[in-house]
Amino acid sequence: MSDEFSCLQGGAGASLHVEKLEWGPRPGLRLVRDIGFAIAPGSRLAIIGPNGAGKTSLLRCLYRAVEPTAGRIAIDGVNLWAMSAREAARTIAVVLQEMPGDFPFSVRDVVMMGRIPRREGISGWSDYDRERVAHALEHLDLAHLARRQFATLSGGEKQRVLIARALAQEPKVIILDEPTNHLDIRHQLEILDLLQTLKLTIVTTLHDINLAAEFATDVAILTEGRLAAFGPPETVLKPSALSAAFGVHATAHADAAGHGSRFSFALSRPDPMPATRPSRSAGAIR
């Protein structure tokens, strides 16, 4: 992967400040409840929690898919909803779980779509646009696949293409919804290793707690739409907090490489009652 890509990364990303955020699809139903946190430019935030905790709903607020019913989101101190749609698209890039199936475009075409927010009027692609796309393809080791049809790629290759498209936007923040979903172990590690090389602010949901511990500079645990814990992984990822959030028994194990803890999980079961013989009353019939 090319070191020349630093010019695409937009410096050190942007700060993200979320304050008293709330959202729900209808009155009386709140899926995001009073959430607040702040991360510095260039941070990597992993959002974890059980199914239905509100992780995707929170992401949708952060990338302006839905407008919060209360609270504020600020990027570098600017209210997200005070930005124009074009300015927001130039600031935030999004990589979602839902990947198109038979996308009738080449890899280069898909990555070029990331330049749309930067395009002026109805003019064609500029030399600068083509240069940015070429750098994105090179950085994600996709140059040799540039003419391939997107639909013919493997899951890991498709995910890299979508990240390349996001980078071609030249954003300050990248938001990803389960970027390792449906990928094998090697491709999961490759995707997260790639994201760690970027100088952007990254916000992502993850299911794998151990991957989150290795990847993130900050972790947020969500339960029932609320922020149960937030902070550095070594502070937030404790067996007691994970057990409470996921309803399991979490155990921490020392990492063999000395890089912190790894976790294993088991179902929490009540202790079995000791076996006892039935008592017989004085007048029991034999």
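Helices (H or I, at least four residues) and strands (E, at least two) are DSSP runs, numbered from the N terminus. With that in hand, let us walk through this protein, which has 9 helices and 12 strands. The model is a predicted one, in which local features need pLDDT of at least 70 and side-chain atom pairs count only at pLDDT 80 or more, while totals for chains, interfaces and linings use all residues. Residue numbers start from 1 along each chain as its sequence is written, and side-chain values use heavy atoms, leaving out hydrogens and water.

Let us start with the whole chain. Of its 286 residues, 43% count as buried, where buried means under 20% relative accessible area, exposed means over 50%, and partly exposed lies in between (1.4 Å probe, protein chains only). The protein exposes about 15000 Å², and carbon and sulfur atoms supply 51% of that area.

Now look at helix α1, residues 55–62. This helix is mostly covered, with 6 of its 8 residues buried. They are Lys55, Ser57, Leu58, Leu59, Cys61 and Leu62. Just after α1 comes arginine 64, which takes a positive phi of about 70 degrees.

You can find aspartate 34 in strand β2, residues 32–39, and its relative accessible area of 41% makes it partly exposed. Glutamate 224 also has a positive phi, near 50 degrees, and is not a glycine either. Glutamate 224 sits in the loop between β9 (218–223) and β10 (226–231), and it is exposed, with a relative accessible area of 65%.

Finally, turn to a pair of helices. Two packed helices are described by the angle between their axes and the distance between the axes. Helix α5 (residues 155–168) and helix α6 (residues 185–196) pack at an angle of about 15 degrees, with axes 10 Å apart. Why are they called roughly parallel? Angles under 35 degrees count as roughly parallel, so α5 and α6 are roughly parallel to each other. On the α5 side, the contact (heavy atoms within 4.5 Å) is made by Gly156, Gln159, Arg160 and Ile163, and on the α6 side by His187, Ile191, Leu194 and Leu195. These residues divide into 4 nonpolar, 3 polar and 1 charged; Asp, Glu, Lys and Arg count as charged, Ala, Val, Leu, Ile, Met, Phe, Trp, Tyr, Cys and Pro as nonpolar, and the others, Gly among them, as polar.

Note on methods. Axes fitted to C-alpha atoms, helices over the stretch in contact; angles between N-to-C directions. Parallel < 35°, antiparallel > 145°, perpendicular 65-115°, else oblique. Areas by Shrake-Rupley, 256 points an atom, 1.4 Å probe, with all protein chains shown as cover.
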